[in-house]
Each structure stands twice: as C-alpha cells, then as structure tokens.
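Open the model in your viewer and keep the selection tool at hand. The tour goes stop by stop, with what to select and what to look for.

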Amino acid sequence: MTRVLITILAVELLAQFINAIGASHINDLLWTLINYLPVSTSKAAAEQRRLQAEYLKIRRALNATSSQDEFAKWAKLRRQHDKLLDQLEAAKKGLEAARSQFDKYLKTIRIFVTTVPQYAVPFWYGKEPIFWLPYGWFPFYAEWIISFPRAPLGSVSATSWQLACSGVLKLLSEIIVFIVKQLSRQSKTQVPVPAAKTTIGAREKPEAKKEL
C-alpha cells in the first residue's frame, strides 16, 4: 500500500500548497503566464497592455498641460485621453469574460485534482491497511480509532493517514509562515546606526585642556 500512502500524502501536500498561497493568486499568475503564449486571449491581453501604457502616457501629458495657457494642446490631449479610456474599458470587458471562464476551468481542475481524491481514495481503499501498528503498543480503543472506519484492527486506515498528513502539513505551513513573518519584521526593524563623526576641533579640545 505504499502507492496509496504516497498518493494521499501528495494530494494533501498539493491541497495545503494551494491553500497557503491562495487560489486567486495562483489564478492570477497562470492567467498572466498563459497570455504570453500563442492563445486566443494573448492578442487581446497584449492590446490591453498597449492601450494602458498609451493611456498612462497621455494622462501624464494631460496633467502636465495647463487648460488655460495651452488650451489647444490640452483639448487635443483630452480627446485622446477619452478615446483611449473608452477603448481600454472595452478591452477590459472582453478580457473579463475570458478570465471568468478561465477561473471556472481552474476551479474544476482543482476539484478533480484535490477535492475528489481526498474523498475517493480513502473510500476506495477504506478496507485496506496503509501500514500496521506495532503489536501491543496501543490499547484497543486507540487501535480501533486509528483503523476507523473499515480497516483491519491494529492497522492505520486511509482516513487516519489522511487526517495525520493534513494536520502535520498544516502545522508545518503555519510554522513556516510564522518564521517568515518574524524574519521580515526583524529585517524591517533593524535600522543601521550611523557611525559617530568626530571633528578635528572636538578632538583638539581635550588635548588643549590637558596642556593647560
């Protein structure tokens, strides 16, 4: 049953990884990466990036132009600004529909990769022992709980192994997150102390007092 043991561990590790990072962050990263590939939405995404860059450029120029002193230039920039804004909004609406469909696909994949195996594997291998406990090390009630619901008495069931993997991985992830937060806080609080600067006059004063 080594294969089942590793499968359950891998599924729980993947599920914990997704929960730690966040499904939305993973979706954003995959959406950004996939739009650099030759897919149907890549051209629309590239066009949106181009429009956004041009819009920001026109907006900066518009803010730097006075409507009173340079009215003709300001009016021209204003028309370009409004036109680009409309084009940018239209491009965003088109990509939002594709992004919504993309998120649905990813959610379906996550369900089949993590949620379905989390229920299917323990149910399918519910009567099989993942591994056996040392004889006589645990009392009867402990062996019964560990073998719950259908594994032979004295063995570790798939459900118990799944719960153990989930608990340990969650604890490890919390410890890692805590350590990372503490290290980031320490790096922020450590402010370099400037070296003390002494002037020549300050050094000469004690020497002058000694001579007196």
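Contact here means heavy atoms within 4.5 Å. Keep in mind that this is a predicted model.

**Overview**

Colour by secondary structure. The protein has 7 helices and 2 strands. Read from the N terminus, the order is α-α-α-α-β-α-β-α-α. Now colour by accessibility. Of the 212 residues, 26% are buried. Among contacts with a separation of 6 or more, 63% come from residues 24 or more positions apart.

**Stop 1: helix H1**

Select residues 2-21, which form helix H1. H1 has 20 residues and reaches 28 Å from its first C-alpha to its last, close to the 28 Å expected at 1.5 Å a residue. Next, show the buried side chains: Val4, Leu5, Ile8, Val11, Glu12, Ala15, Gln16 and Ile18. Which elements do the buried residues of H1 pack against? They meet helix H2 (23-34), H4, S1 and H6. Step one place past the helix.

**Stop 2: the cavity**

Rolling a probe the size of a water molecule over the atoms shows where empty space is left. With a threshold of 30 Å³ or more, the count is 1 cavity. The largest cavity has a volume of about 40 Å³. Select its lining: Ile8, Val11, Glu12, Pro117, Gln118, Val121, Pro122 and Gln162. H1 and H4 are the elements that give two or more residues to this lining. H4 gives the most, with 4 residues. Ile8, Val11 and Glu12 were also among the buried residues of H1.

**Stop 3: helix H3**

Select residues 42-63, helix H3. Its 22 residues should span 32 Å at 1.5 Å a residue, and the end C-alpha atoms are 31 Å apart, so the two values agree. Show its buried residues: Ser42, Ala45, Gln48, Leu51, Tyr55, Ile58 and Leu62. What do they pack against? The partner is helix H4, residues 71-124. Now pick arginine 49 and tyrosine 36. The arginine lies over the face of the tyrosine ring, at 4.8 Å from the ring centre.

**Stop 4: from strand S1 to helix H6**

Turn to the aromatic rings. The structure holds 4 aromatic pairs. Select phenylalanine 131 and tryptophan 161 for one of them: an edge-to-face pair, 5.8 Å centre to centre, with 85° between the planes. Phenylalanine 131 lies in strand S1 (residues 131-132) and tryptophan 161 in helix H6 (residues 158-189), so the pair ties together parts that are 30 residues apart in sequence.

**Stop 5**

Select tryptophan 144 and phenylalanine 148. This aromatic pair is tilted, with 5.6 Å between centres and 55° between the planes. Both residues count as partly exposed: tryptophan 144 at 48%, phenylalanine 148 at 44%. Phenylalanine 148 and proline 149 are joined by a cis peptide bond, with omega about 5°. Proline 149 sits in the loop between helix H5 (140-146) and strand S2 (155-156). Arginine 150 lies over the face of phenylalanine 123, at 5.3 Å from the ring centre.

**Stop 5: glutamate 143**

End in helix H5, at glutamate 143. Is glutamate 143 buried or exposed? Glutamate 143 is buried, with a relative accessible area of 13%. Which residues does glutamate 143 touch, leaving out those up to four places away in sequence? Select Leu133, Gly136, Phe138, Leu153 and Gly154. Then draw a distance from C-alpha to C-alpha between glutamate 143 and glycine 154. The separation is 5.1 Å, for residues 11 apart along the chain.

Conventions
Residues are numbered from 1 along each chain as its sequence is written. This is a predicted model: local features need pLDDT of at least 70, side-chain atom pairs count only at pLDDT 80 or more; totals for chains, interfaces and linings use all residues. Side-chain values use heavy atoms; hydrogens and water are left out. Rings of Phe, Tyr and Trp (its six-membered ring) pair if their centres lie within 6.5 Å; planes under 30 degrees apart count as stacked, over 60 as edge-to-face and the rest as tilted. Buried means under 20% relative accessible area, exposed over 50%, partly exposed in between (1.4 Å probe, protein chains only). A charge sits over a ring if NZ of Lys or CZ of Arg is within 6 Å of the ring centre and within 35 degrees of the ring normal. The expected span of a helix is 1.5 Å times one less than its number of residues. On a 1 Å grid over the protein atoms alone, a cavity is a set of points where a 1.4 Å probe fits but cannot get out, and a pocket is an open set with protein on both sides within 12 Å along at least five of seven lines; lining residues have an atom within 4 Å of a point. Grid points are joined across faces, edges and corners, and a volume is the space filled by probe spheres set on the points.
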